[in-house]
Structures are given as structure tokens and as C-alpha cells.
Amino acid sequence: MKTACILCSQNCGIEVDLEGRHLVRIRGDRAQPASQGYLCEKAQRLDTYQNARDRLTSPLRRRADGTFEAIDWDTAIHEVAQRLSAIRDEHGGDRIFYYGGGGQGNHLGGAYGRATRAALGSTYTSNALAQEKTGEFWVDGQLFGRPRCHTSGDFEHAEVAVFVGKNPWQSHGFSRARVILKELAKDPARALIVIDPRRTETAELADFHLQVRPGTDAFCLSALGAVLVQEDLVAHRFIGEHTSDFATVSAALAAIPVADYCARAGLSEELVRTVARRIAAASSVATFEDLGVQQAPHSTLNSYLEKLLYLLTGNFAKRGAMNIHTRVAGLGGGGGGGRKTPVGGHRIITGLIPASVIPEEILTDHPARFRAMIVESANPAHSLPDSQRMRQALAALECLVVIDVAMSETAQLAHYVLPASSQFEKWEATFFNLEFPRNYFQLRAPILPPLEGTLPEPEIHRRLVRALGAIRDEELAELHQAAARIPTEGRGAYAAEFFRLTAEKPHLMPLAPIVLYETLGPALPAGAAQAAALWGAAHICAMTFPDSVQRAGFAGFGPELGEQLFEAMLTRRSGIVFTVDDYEETWQRLDTSDKKIRLAIPELLAELSRLPSEDPGARDPQFPLVLSAGERRSTTANTVLRDPAWRRQDLTGALRMSPADAERLGLADGGSARVTTRRGSAVATIEITDTLQAGHISLPNGLGTSYPGESGPAASPGIAPNELTALEDRDWLAGTPWHKYVPARVERM
Ligand SMILES: Nc1nc2c(c(=O)[nH]1)N[C@H]1C(S)=C(S)[C@@H](COP(=O)(O)OP(=O)(O)OC[C@H]3O[C@@H](n4cnc5c(=O)[nH]c(N)nc54)[C@H](O)[C@@H]3O)O[C@H]1N2
Ligand SMILES: Nc1nc2c(c(=O)[nH]1)N[C@H]1C(S)=C(S)[C@@H](COP(=O)(O)OP(=O)(O)OC[C@H]3O[C@@H](n4cnc5c(=O)[nH]c(N)nc54)[C@H](O)[C@@H]3O)O[C@H]1N2
Ligand code: SF4
Ligand SMILES: [Mo]
């Protein structure tokens, strides 16, 4: 049976054999157009997700003493609706904060969650993107006109690939990553450049490894930009035709003392110059910045400097370079720009409240504080910075509702836990459709019936919306009639009725996912009612990118094109190529009024000009090491796989350390030691490795989740990284936390 791996954003296509409810024999699906049969080793462990011992099988209500009692669905929905509407009626719907909406493999639930939010009048949201990508989105908005002008690297065709704080060998992030990395590495005409303090698996393959000192990327990246300007290696023609404000940026980079900045970043000036020249000489360059810079000091500035590298060399809107991709649906929280958080007045980017300010928006007596939260398919008690403080905040809420498949760290703090069916028990898809020139989408059908006691999110939200009284039966009568005629007349008349109805009753528009699920849903083939919300997404996609959808082989114009696309989504089990682009198309997607890239970002140029006053080598003597808290390894998958037994090796998630530090501290490989930060302390198993430089230590991501023993008590091997991180260590602009730059010390036990 065809479905997809749900352990990272690639969602590689898989074919699964079942034995009872177990996923046995998992193979790559060669017909999946993006992954083409590719898998990494983690996909083999998916059964530990499906059949985890802490799967929830009944709605739970917390008792006064903190224990939980099982309750039936009707009671749970009724009480949740009552508790939340009481808070709305007394304090306003905006006092209810929604977090999550999907993880690495599931975004349909979040689409239906929008209707529940609308029914409650709750407009503040956030999710994991607000601790990684919001700074980058903001920079995209400044340069290209809107945050949704997100670019992707055409690594398959790039002559030079640059990875900045990104280890795609382990973390992927684009299709068939290991295949493409090996191709880049073995072709002498191409080059692989890695900027990472650790000699990662990707860096091992690289032609050039800029092994920066942790947290010094702003120096490294601005030195690279400075070499481009100072040696006059920039693409003058591209800059003249397609950009504005070059003079401002050029002046800023011309002033940078390259030798000094290289020294501060711990790099040889010669190597930095060679890399800048290699980038400038290439016929095409694609780049990828990720957590190593997005969760480290100067993260938003780093995003800007990274983008200047490819823009100043004209690697935009062409083959092998950076292009603005299409989308099936956005990943942000929606809502207008310019909004601030209700208590702290922090900047909200793409509708998402910065991860690091959430406790501050709860733990206060400010009248606009959040009083309730709905958490769906996310584990903020584990994944957000400063878990202690986060737990305090969650505990202070008047009502916390968690929708999850498992008893997560967040669910353990909830007033109500609503058990969702797993991603193999319902229709699912992600909106991680970020590729160019071909972009992919896969709607997965269930391969198993729901585990008893669970419901798929569309049904959970339908019941909540109904219990909140947001839709009345008689309002949908005509739409039901139009849906009944679909088998004989097609969906055209239904569409007309849907638009008539929502124009007449505008309050139904934000509830559209549930309206579609209830009316169109039953008319969809193969029991695909849960996919009904995609009907709207398919039409919007076809209207927004008609030429690209047609190039992908879909016929027709206007609504007909949207119908064709929707039909293909519904029926092609291995997924589809939904858009195919010409490289020039990127110019059409640029959203600035003059269709030029606005190179200067004043706020970030000001930050750049303050760099000289910073001493990146300075350390608090109490915390002389830099801890990278949350490294991706072949034994990590966020907190989706909660059973520690899925890891065949590295069971306790070792603290990696350089031989020099281990010797200085008198530590042996496999021994234990205490790691302490300003925020917390934990005991770790030591792994000595020369891939790390002295002064730099690293812990894996996603460990330390509690998991029930087969008969005995719960265990949680490994260190939950956010017991060690602090809220204050965050980017001034985007509020993204510095998980990769945690001052720490290690002591022998
Ligand atoms: N196996 C596995 N794959 C995953 C995931 C998983 O949990 N496990 N999670 C998925 C998710 S949600 C995401 S967002 C991606 C993240 O994917 P990545 O960003 O690639 O993952 P990380 O390993 O967290 O960080 C990348 C690199 O940053 C480096 N780094 C640390 N400090 C610095 C620094 O100061 N400067 C620079 N330049 N680099 C630094 C680290 O050494 C590391 O190699 O991975 C996805 N893929
Ligand atoms: N210190 C540190 N912290 C980090 C990071 C780091 O590198 N270092 N990385 C950060 C990053 S990049 C990310 S993306 C976040 C990820 O952190 P989160 O977004 O909080 O979530 P995940 O760990 O991916 O877990 C998702 C939850 O979804 C549940 N789930 C799985 N399937 C379903 C389903 O079908 N329905 C429902 N309702 N629930 C389901 C799982 O049981 C789990 O509780 O962590 C961040 N936190
Ligand atoms: S974890 Fe591996 S197999 Fe699964 S989607 Fe990611 S790259 Fe593909
Ligand atoms: Mo992430």
C-alpha cells in the first residue's frame, strides 16, 4: 500500500506491507515523482510510530489531583466547547491561542483547525516555524516583496551548492539528498561548499569546508560578501537590471575588514577568498541555510547575508540557482502584516508569534494575556526553549486542549487530551511543497482503519465547530442538495452554490474547511471526505499559478483547471507533479512594485555595522563551551518516534565533544559527565569525536521524551535539549531562539 514517510519534511513515498496493524516491509515508492524510490534508514522504523505504547485511545480529562480519567467523545467535545466559549465570552476569542497544526508529515489537520479558530474568534497562532524560519521569511519579504516569496535551491542542476548551518546528509531538506550530494562531490566540474563548525557527514564530502567558530557566521558570511564587492566579482549586469539599492549594500560590504572578520570566525582568509571566487565564477549557485544559522546569534542578519551571496552573483531566476517556488497552501498562520503580540508587543512574522515570547504572553496579569491554548500536533513543552518556563506557562492556563496521537510532554499538562488517528489511519498530506522547477504534492490515503477510540482531525474539528454552534444545519441545506447532484452533474454546480452561499453568508467563509468536509466530503470517491478542504486549495493553486499547472500536464482554464488538479490529487496515490516552471517564471513571482529586488535592508545593515564591537570569542568563564542543543542524527526524528527502542544505536543520545576538551576534562568515550547551562543541568554519555572543534559540544534533537516501559515505569533516555536552553537568548528581530549557541560547561562526575 502506498503512503509516505512522515519523519522529515521530504515525505518520501513508500510502499508498505501490513501484518495485522503492523507496518512490516517498507520500500521506497519508485512512482513517487519527488523521491523516486529514495529512502533513508529512518523509514524502516515507522512502525514504532504507528504502534507506540503511548498511543492515546480515549479522550482524557484531567482531575484536580493531576491524574487523567477517560471520558467519551461527546462529553469531551461538549466540555471543551463549553470551557473555551466561556473564556471567549468573558475575555474575547483572542485570549485563546492556537499552537501547531502539523508536524513533519501532517498538515491537513491544521487546515481544519482554522475553522475551529474561526468559530472561537481566536486569531493568534504559532508553530515550529517561529523558532527557525520566521527570520528568513521576513528577509524574503524585504528583498522580494512578500514573505511568501520563498526560494528554493535547484541543487540537482547547480554547479556550486552552498550549505550554511545545514547538514542535508542527515536532515535532508530536498529530494534524494544523499544521491545529489554524492553527485556534487564526485563531479570535478562542480563544487560543494559547507559552512559548519562541525565536520559533518556533508562536510566530509565537501570541496570547501568553512569550519567556522560556532556563532560567527555573520562574520564569515559578511567577509564572503565583502570579497565579492572588494574584488569586484559581482554580477553588474544582473544587479543593474534586476535590483535596487546596490550602492548602499556595496558601501557596507566595502567597509568590511576581510582579514579581521575571517580571524574572528576562525577561518583562513585565503580559504574564504577562494570560496568567494569559486561562487563568483560558477555558472550557477544554489544555497540552503538552516538551523545552524537560523538558531544562532544574528540569525536574521545571517539569512540576509546568505541571500546577498547569491543575489550579488546573479544566481536568481535561472537553472541551478535560486527560484521562487509555487505552493499548494501557505505554511504560516495567516493574518495581516504589522501585527504585534498582545502582551509584549513583539513582531509577528507570517502570522506566527515568536517561540521565545510565548511564556511572557501567558505568565502575566496583563488583561490581554493568553488564557487558553489549543495545541495540535506539536509538543511545545518539549520543543520550545526553556521547558521549565514553558511548563509553568502551560500550567497557568485556564484551559489547555491538546490534540495528539501520543501522550506527549504537552499532553501530560493538558486539561483535555483529544486522541487523533495516526497518519496511516486517515487522509493526510503536507504543504512542504517547496521545490523548483518541478513541485510535488502527495495526498495519502489511509492504509489502516482508525485505532479504536481515535478520530481524524477533520472530524474532531467538525464536532468542535458544531458544538460551538458556528454552523446551523439549515444554512447548508442548499449546498447539500448541490452536493447530491455531483455524481450526475459534476462539481460545477456545487462550486457555484458554494460561492453563492459564502457571498451571502460571509461568516461561513472562514469555516469553509468544515463546510466542505460536511457537504462535498461525502460526495468524494473512495471515502476521501477528509480531503475536502483540498478542493479549495487546488482551485486557489490553479488560479494563482495557471501556466505552471498547465505545464505540469493539466488541461483547461479557470475552474476547469482547478478541477483537473483536484482530481489528480484525489486519485494518484503516488503523488503528482502539480507545477512545472520556466526559470524566468521567478520574475513573475517577485512581489515588489517595480519587479526589482530591494537589496538594502536598513535594520540589518545597521546590525551589520555594529559587528566590529563584538568579540565572538568572548566566553563567560562559568560557561566556557558552546553547546549545540538539537543536532540532527540518523537516530533523531523530532519527537515523532517516542519509543527509544527505535534507535538501534546512540540510545542515550550522546554528548559529542572534541578529543581536546575530553582530555582537558579527563573524560573517556562512553563515560558520563554533567553538562550545565545557565538554565539547567543534565547527565550525559560522552562521545569523543574529532568532527567537533575544541570548545564546541553537541546534543541531539528530540530525545528525553518519556515513554512507558513494557511493564515497569516510564523511561526517558537522553537529554531533552530545552531543559538547557533559555528564552532570553534569541534574535532581536524575529525572536528565534539560539538553540545552537548555548553557553555551557561540562564536569566530570
Ligand atoms: N534525522 C533527522 N532529520 C531531520 C529532523 C530530525 O529530527 N532528524 N528534523 C527535521 C527538521 S524539523 C528540520 S528544521 C531540519 C533541520 O536540519 P539541519 O538544520 O540540517 O539540522 P541541525 O543538525 O539541527 O543543524 C545543522 C547544522 O548546524 C550546525 N551548526 C551548529 N552551530 C552552528 C553555527 O554556529 N554556525 C553554522 N554555520 N552551523 C552551525 C550543526 O553542526 C549542524 O551540522 O531537519 C529535518 N530533518
Ligand atoms: N533545543 C532545540 N529545540 C528544538 C529544535 C532544536 O534543534 N533544538 N528544533 C526545533 C524545530 S526545527 C522543530 S520543527 C520543532 C519540532 O517540534 P514540534 O513542532 O513541537 O513537534 P514534533 O516534535 O515534530 O512533534 C509533533 C507532535 O505531533 C504528534 N503527532 C504525530 N502524528 C500526529 C497526528 O497525526 N495528529 C496529531 N494531532 N498529532 C500527531 C507527535 O506525537 C508529537 O507530539 O522542534 C524545535 N525545537
Ligand atoms: S526520514 Fe528519510 S525516508 Fe523519511 S522522509 Fe525523510 S529522507 Fe525520506
Ligand atoms: Mo524544523
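Select Thr125 and show its surroundings. Leaving aside residues up to four places away in sequence, Thr125 touches Phe97, Tyr98, Arg117, Gly333, Gly351, Leu352 and Ile353. Bear in mind as you look that this is a predicted model.

Thr125 sits in strand S7, which covers residues 125-126. Is Thr125 buried or exposed? Its relative accessible area is 3%, so Thr125 counts as buried.

Stay here and pick Gly351, one of the residues that Thr125 touches. Find the backbone oxygen of Gly351. A polar atom of the Thr125 side chain lies 3.1 Å from that oxygen.

**Zoom out to the domains**

Domain 1 runs over 2-50.

Next, show domain 2 and domain 4 together. Taken over C-alpha atoms, their centres are 33 Å apart. Domain 2 gives 26 residues to the contact, and domain 4 gives 24 residues.

**Next stop: a pocket**

Select Arg327, Thr544, Phe545, Gln588 and Arg589. Of the 15 residues that line the second largest pocket, these lie nearest its centre. The volume of this pocket is about 200 Å³.

Which elements give two or more residues to the lining? They are helix H23 (546-551) and helix H25 (585-589). Highlight H25: the largest share of the lining, three residues, comes from this helix.

Colour the lining by residue class.

Bring back the domain colours. Why does the second largest pocket lie between domain 2 and domain 3? Because both domains give residues to its lining.

**Last stop: enclosed space**

Hide the pocket and turn to the cavities. How many cavities of 30 Å³ or more does the structure hold? There are six. The largest cavity has about 90 Å³ of space.

To find the largest cavity, select Cys5, Leu7, Cys8, Cys12, Tyr38, Leu39, Cys40, Lys42, Ala43 and His172. These residues form its lining. By class, the lining of the largest cavity has eight nonpolar residues, one polar and one charged.

Key. Residues numbered from 1 in each chain as written. Chains lettered and ligands numbered in written order. Predicted model: local features only at pLDDT ≥ 70, side-chain atom pairs only at ≥ 80, totals over all residues. Heavy atoms only, no water. Helix = DSSP H or I, 4+ residues; strand = E, 2+ residues; numbered from the N terminus. Buried < 20%, exposed > 50% of the residue type's maximum accessible area, 1.4 Å probe, protein only. Polar contact = N/O pair within 3.5 Å; in protein donor to acceptor, adjacent residues only side chain to side chain. Contact = heavy atoms within 4.5 Å. 1 Å grid on protein atoms, 1.4 Å probe; cavity = no way out; pocket = protein on both sides within 12 Å on 5 of 7 lines; lining within 4 Å. Points joined across faces, edges and corners; volume = space filled by probe spheres on them. Nonpolar A, V, L, I, M, F, W, Y, C, P; charged D, E, K, R; others polar. Domains from an automatic or database assignment.
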